Amino acid sequence: MQGDISAVREVLLVARRLDEKKLLNAVEGNISLKRNGLIYVTPSAMNKAFLTEEMIAVTDEDGNQIGGNYKATSELRLHVLTYRMREDIGGIVHAHPPYLTAHAVCGKPVETRAYPEMMFKYGSFQVAPYGRPGTDDIVRGLKPLLKKSDVALLENHGAIAVGPDALEAMNNMEAAEAIAKVLTLAKLVGQEKNLPEEECRHLIAGHEQ
């Protein structure tokens, strides 16, 4: 294995956690970690619950594979190009969790004026316009969204979460899906009870700092 074994093990840990939480299915979704100029990424169309160290692909910053026994995910360009959007991104999770993906398929952002933790931490989960998976078009319109939040939706596709490492990107994806679930269920229960406008402004201002 060429590269950092601890980076490989972090990707495996995240892959198994996301599988256990049912945030990705047997063949969809991918995870990567960037460290010391190398990208460690899950392989194409493999069940994330059964990955082993040698299956994790290692690429340079341009996506040229230099390690691993399996071909990198077909969504490799999504990871390569997303790392270029912000210097602080060190980990990426792309997945199709049900509630976030339902919003993505409908082209509807996840927004609220009633859930303070979401407003303060993320603001909202906005939708990047559709781009063909596996191509550079997949990130069309994504950069301005990731300037404002660590989570965004990919229209007709799924969700992406970023962080300083793969573990934090995983945490952001987990939290985002939980929030989307609550807000979806709230619509079934009744009308959201919005917070006062002054409180909303305070929460959103805290997120933007």
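## Leu-167 on helix H6

Let's start with Leu-167, which is partly exposed, having a relative accessible area of 30% (buried means under 20%, exposed over 50%, and partly exposed in between, using a 1.4 Å probe and protein chains only). You'll find Leu-167 in helix H6 (helices are DSSP runs of H or I with at least four residues, numbered from the N terminus). Leaving out residues up to four places away in sequence, Leu-167 touches Glu-10, Leu-13 and Val-14, where contact means heavy atoms within 4.5 Å. Leu-167 and Ile-31 are 136 residues apart along the chain, and their C-alpha atoms are separated by 9.9 Å.

A quick word on what you're looking at: this is a predicted model, where local features need pLDDT of at least 70 and side-chain atom pairs count only at pLDDT 80 or more, while totals for chains, interfaces and linings use all residues. Residues are numbered from 1 along each chain as its sequence is written, and side-chain values use heavy atoms, with hydrogens and water left out.

## How H1 meets H6

Now for the helix pair. The axes of H1 (residues 5-20) and H6 (residues 166-189) come within 9 Å and cross at roughly 15°; axes are lines fitted to C-alpha atoms over the stretch in contact, with angles running from 0 to 180 degrees between N-to-C directions.

Who makes the contact? On the H1 side it's Glu-10, Leu-13, Val-14, Arg-17 and Leu-18, and on the H6 side Ala-166, Leu-167, Met-170 and Glu-174. These residues divide into six nonpolar, no polar and three charged.

Is helix H2 (residues 76-83) largely enclosed or exposed? Seven of its eight residues are buried, so H2 is largely enclosed by the rest of the structure. Among the buried ones are Leu-76, His-79 and Tyr-83.

Thr-101 sits in helix H3 (residues 98-106) and is buried too, with a relative accessible area of 14%. Setting aside neighbours within four places in sequence, Thr-101 is in contact with Ala-95, His-96, His-157 and Gly-158.

Note on methods. Helices (H or I, at least four residues) and strands (E, at least two) are DSSP runs, numbered from the N terminus. Ala, Val, Leu, Ile, Met, Phe, Trp, Tyr, Cys and Pro count as nonpolar, Asp, Glu, Lys and Arg as charged, and the others, Gly among them, as polar.
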